[in-house]
Amino acid sequence: MAELDLRYKNDTTHLKNRIMINNQKNEIKTLQLEVALGTVLILGLIVYFIEYKRRVRKNQQQEFKQHIYEISKLKMQNIREKISPHFLLNVLNNEINQHPESTSEHQRLIQLTRLLRKGLDLSNRFAIPLAEELDFVSNYVALLQATGKQFTFNLHKNGNVDSIQIPSMMIQIPVENAIKHGFVNLNQIGHIDLIIEEDSQGVHIHIHNNGHKYAPFAPSNNKLESTGTGLRIIYQSIQLLNTHNKQKITFQILPGKEEGTTISIFIPYQYSYEWQ
């Protein structure tokens with residue numbers, strides 16, 4: 001009986017050990033399965049994330065190309081509207097009729113040709129030095145004044161700001177809007193003051209005119225009102241470029257209390273016009 005009892009105890013102990021070993025093996029297999037499933041899940045998430053980022057990047061590139069196309073189209077449209085056949089004929093007729101034999105007076109015709117070429121060049125560039133923009137604006141204003149437009153234009157520039165890059169046509173478009181729309185049926189001589197000054201962060205540009213208050217994109221029955229093409233060029237360009245910069249360009253239209261409009265622009269020094 002003692003021997004049988006000892007054998008029974010030994011067999012029971014062996015059985016418990018086998019059951020324990022089998023349970024441990026099952027737990028190890030379960031753990032291995034869970035690890036394998038977890039690894040597959042993590043790899044799947046990584047692949048999905050990479051593919052998602054690739055698709056997002058592709059969509060962003062497509063959207064960016066679409067923005068580039070729309071802005072370029074708006075710029076070309078603005079150039080065609082600004083340098084219209086009526087404007088060209090006014091300049092040419094004025095020169096030909098008043099100075100048919102004078103070669104020195106025909107320098108303005110050369111100036112007009114330069115303006116046309118520069119306008120086409122600006123339509124294909126996102127950013128240019130401030131000096132180039134001011135040169136284009138000055139030529140544009142001088143030609144308009146030569147055709148009989150009655151207004152004054154004053155430039156005040158403080159600091160070494162000529163080399164800073166700005167979005168092309170950012171100054172020209174507000175000046176053009178003031179002349180074409182702000183001074184229409186004005187009971188006084190129109191004035192445009194262009195003030196450019198720098199501080200430690202960047203360059204401030206203020207374009208003030210004493211014409212009618214300007215309400216961009218406001219519905220109007222007046223056919224002389226601006227369609228907003230030029231401003232859409234500016235806003236879309238700034239929006240597109242600001243997404244790639246920590247410091248932002250700002251562009252504000254501030255109507256005066258009684259008359260006139262002021263355009264306030266800020267261009268940071270640390271600003272990139274590269275988007276790749």
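**Chatting through a mixed sheet and its helix**

Biologist: Which residue in β7 is the bridge partner of histidine 204?

Modeller: Histidine 204 has phenylalanine 266 as its bridge partner in β7. Strands here are DSSP runs of E with at least two residues, helices are runs of H or I with at least four, and both are numbered from the N terminus. This is a predicted model, where local features need pLDDT of at least 70 and side-chain atom pairs count only at pLDDT 80 or more, while totals for chains, interfaces and linings use all residues. Residues are numbered from 1 along each chain as its sequence is written, and side-chain values use heavy atoms, with hydrogens and water left out.

Biologist: Nice. How many bridges link β5 and β7?

Modeller: β5 and β7 pair over 8 bridges, in the antiparallel sense. Two strands pair if DSSP finds at least two bridges between them.

Biologist: What order do the strands take in the open sheet?

Modeller: The order is β2-β4-β5-β7-β6, so that makes an open sheet of 5 strands with mixed pairing.

Biologist: And which strands stand at the edges?

Modeller: β2 and β6 (250–255) do; each has a single partner strand, so one side of each lacks a neighbour in the sheet. On average, neighbouring strands of this sheet are turned by 10° against each other, direction ignored.

Biologist: Do β2 and β4 run parallel or antiparallel?

Modeller: Parallel: 8 bridges join β2 (residues 151–158) to β4 (residues 190–198). Phenylalanine 153, for one, has isoleucine 192 of β4 as its bridge partner. β4 also has 7 bridges to β5 (residues 202–209), and that pair runs antiparallel. A hairpin of 3 residues joins β4 to β5, and leucine 194 stands opposite isoleucine 207 in β5.

Biologist: Switching topic, which residues is threonine 262 in contact with, leaving aside its neighbours within four places in sequence?

Modeller: Ile207, His208, Gln252, Ile253 and Leu254, where contact means heavy atoms within 4.5 Å. Threonine 262 is in strand β7 (residues 261–268). Its side chain makes a polar contact with that of histidine 208, at 2.8 Å.

Biologist: Helices next. How do the axes of α4 and α5 cross?

Modeller: The axes of α4 (residues 130–146) and α5 (residues 172–182) come within 10 Å and cross at roughly 15°. The two helices are therefore roughly parallel to each other, a label for angles under 35 degrees.

Biologist: Which residues of α4 make the contact?

Modeller: Glu133, Phe136, Val137, Tyr140, Val141 and Leu144 from α4, with Gln172, Val175, Glu176, Ile179 and Lys180 from α5.

Notes:
A polar contact is a pair of N or O atoms within 3.5 Å; within protein, one must be able to donate a hydrogen and the other to accept it, and residues adjacent in sequence count only if both atoms are side-chain atoms. Axes are lines fitted to C-alpha atoms, for helices over the stretch in contact, and angles run from 0 to 180 degrees between N-to-C directions. Angles under 35 degrees count as roughly parallel, over 145 as roughly antiparallel, 65 to 115 as roughly perpendicular and the rest as oblique.
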